[in-house]
Amino acid sequence: MRRISWVVFFSAAMLLMACQEKDTYSNKDLTLEAFSAMETPSFAINSHTIRKHISHIQKADTGRLAVDKEVHNYYRQERPFLWIDRHGIDQRADSLLYWIERVGETGVDPAIYRLEKIKEDLARLRMLDLTEEQDINRVMARLEYNLTRAYLRYASCQHFGYVNPAYTLNHCAVKDSDSTHVTYYHVFDVKMSHPNEAFFTKAYHKIIHDSVDLFLREIQPTGKMYRKLVDYLNTKQPTGDERRKVICSIERCRWQTDDSPEKHDKYVFVNIPSFRLYAYGEDSVLTMKVGCGKLKTRTPLIHSTIKRMDLNPKWFVPKSIAKGIAHSYGYMRRNNMYIYDRKAGKLSPEHGSYSRIMEGKQYIVQEGGPGNSLGRIIFRFDNNHSVYLHYTNTPWFFQQSVRTVSHGCVRVEKPLELAVFLLKKKDQDLIDRIKYSMEADLNPNDNEPDEKPVVDRKKLIGSVNVEPEIPVFIGYFTCYPSPDGELQYYKDVYGYDAAIWKEMKKYLL
């Protein structure tokens, strides 16, 4: 950008008038140098000076958001100015300010975008309220840098969230520690998208091609849950702990997960804080109580698809439990357990080896049937934690208000109803066989161990594929709507809201 002066415009006007005069104009041979005495330093634009001012602003910027690094890199590479030119700043800046001024509706403080400073500098530039100390180069440098910073911050945070749950939630619960090392429970296992080079390139492209308003409309969260929470925050204006729960729930709605309930007409959603499962159909909602993992064996947050349901499943006892019962032969016999050896196959409890069990060469296995810890049916889906939905042999715990009872799996209150929901075709014969398989007495009577159970083997069914597969989401909302649509509050049982709030509160009103 070449050095220009406001006297250029005066000179051009004089020359134009001269051309229109019929008589010879006495000053027609004047050059720009003749107007040098009229030049005002405060109005002289110089691109090199602007870049020097931007460099100073960068060094003083203590922003800690990940996106701030992108802003620094852009100007460190001396890439083209995005907002300013020799004509000043156009309506693109006003489009950005429109959206930033609305961010308070979600509880976020517009000050994190330097809103007031941008508005002040815009007014100063447009009113030509410039001085030697606040000359045009300083003002334009601040506007160029602050507008880019605000634009990328807003677009990134509003579209992807202010908190990275993959880091925050996976570093909030200590599993083990010593003087040199700390390990945490891996509780957030959901694939996500984050701001990347392609996103920033698109954002820059939108500025250059005057599509700022369109772009900022496109990146807004669109889910019904997000809109419901934002509307509730502004109409009900909750305070204290309730406000915190609403804002943390709004933040969760910003996260760009690879899949989400809004993309499906039929899906299963487990909300840990409410200890409830919601099976959403096209025109109905099936809901039931659930039990989730204890604090030391938390149910992870997962997105997957239910592939099949197994009737009367065997339970391969995890090592964390097996180490406590490996020598309890009477207990294992009473609970229909045996040892499975990788080489020798099925063995009696007495042939178990503690060391081989811990090495994964042997397993304690519980037979399927009425007393099985998994209950009579399990709903399987791919995940990295061997966590599933299943029934239980201790259904009385559903009467408890806080149901953190399992080793990570989700225990469901109404397994037959859930099985029927998952079926595409409600084949009554198949439903009857599932029900029979869940009720048949497969084990001998405790009082008469030699008595064989009377079972109609033709009615038994071992497994049913779920076709098409049904999405399942295990999530965590401390503010979530009941089936009738009313938002309700729940206890922060795992402390995830506390972890999110710790990160979020620096950005809030």
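1. Phe 275 is buried, with a relative accessible area of 2%. Buried means under 20% relative accessible area, exposed over 50% and partly exposed in between, using a 1.4 Å probe and protein chains only. Phe 275 sits in the loop between strand E4 (267-271) and strand E5 (276-280). Its phi is positive, about 50°, although Phe 275 is not a glycine. Helices (H or I, at least four residues) and strands (E, at least two) are DSSP runs, numbered from the N terminus.

2. A word on the source. This is a predicted model, in which local features need pLDDT of at least 70 and side-chain atom pairs count only at pLDDT 80 or more, while totals for chains, interfaces and linings use all residues. Residues are numbered from 1 along each chain as its sequence is written, and side-chain values use heavy atoms, with hydrogens and water left out.

3. Arg 114 also has a positive phi in a residue other than glycine, near 55°. Arg 114 belongs to the loop between H4 and H5. Is Arg 114 buried or partly exposed? At 25% relative accessibility, Arg 114 counts as partly exposed.

4. Gly 104 lies in the loop between H4 and H5. Gly 104 is partly exposed, with a relative accessible area of 25%. Leaving out residues up to four places away in sequence, Gly 104 touches Pro 110 and Leu 509. Contact here means heavy atoms within 4.5 Å.

5. Helix H4 (residues 92-101) is mostly covered. Seven of its 10 residues are buried. These are Arg 92, Ala 93, Ser 95, Leu 96, Leu 97, Trp 99 and Ile 100. What do the buried residues of H4 pack against? Their partners are H5, H6, helix H8 (197-208) and helix H9 (212-218).

6. Next, H5 and H6. The axes of helix H5 (residues 115-126) and helix H6 (residues 136-160) come within 10 Å and cross at roughly 140°. Axes are lines fitted to C-alpha atoms, for helices over the stretch in contact, and angles run from 0 to 180 degrees between N-to-C directions. H5 and H6 are therefore oblique to each other. Angles under 35 degrees count as roughly parallel, over 145 as roughly antiparallel, 65 to 115 as roughly perpendicular and the rest as oblique. H5 passes H6 in a left-handed crossing. A crossing is left-handed if the near helix is turned anticlockwise from the far one by less than a right angle, and right-handed if clockwise.

7. The contact of H5 with H6 involves Lys 117, Ile 118, Asp 121, Leu 122, Arg 124 and Leu 125 in H5. On the H6 side are Ile 136, Val 139, Met 140, Arg 142, Leu 143, Asn 146, Leu 147 and Ala 150. By class, this contact of H5 with H6 has nine nonpolar, one polar and four charged residues. Ala, Val, Leu, Ile, Met, Phe, Trp, Tyr, Cys and Pro count as nonpolar, Asp, Glu, Lys and Arg as charged, and the others, Gly among them, as polar.

8. H6 also meets helix H3 (residues 66-76). Their axes come within 9 Å and cross at roughly 145°. The crossing of H3 and H6 is right-handed. H3 contributes Val 67, Asp 68, Glu 70, Val 71, His 72 and Tyr 75. H6 contributes Glu 144, Tyr 145, Thr 148, Arg 149, Leu 152, Arg 153 and Ser 156. The contact of H3 with H6 has five nonpolar, three polar and five charged residues.

9. Helix H10 (residues 224-236) and helix H11 (residues 240-254) pack at an angle of about 150°, with their axes 9 Å apart. That makes H10 roughly antiparallel to H11. H10 passes H11 in a left-handed crossing. Among the contact residues are Met 225 and Tyr 226 of H10 and Ile 250 and Cys 253 of H11. The contact of H10 with H11 divides into 10 nonpolar, one polar and two charged residues.

10. How many disulfides are there? The count comes to zero, a disulfide being a pair of cysteine sulfur atoms within 2.5 Å. For Cys 409, the nearest cysteine sulfur is that of Cys 292, 10 Å away. For Cys 479, the nearest is that of Cys 253, 9.7 Å away. Cys 479 is buried, with a relative accessible area of 0%.
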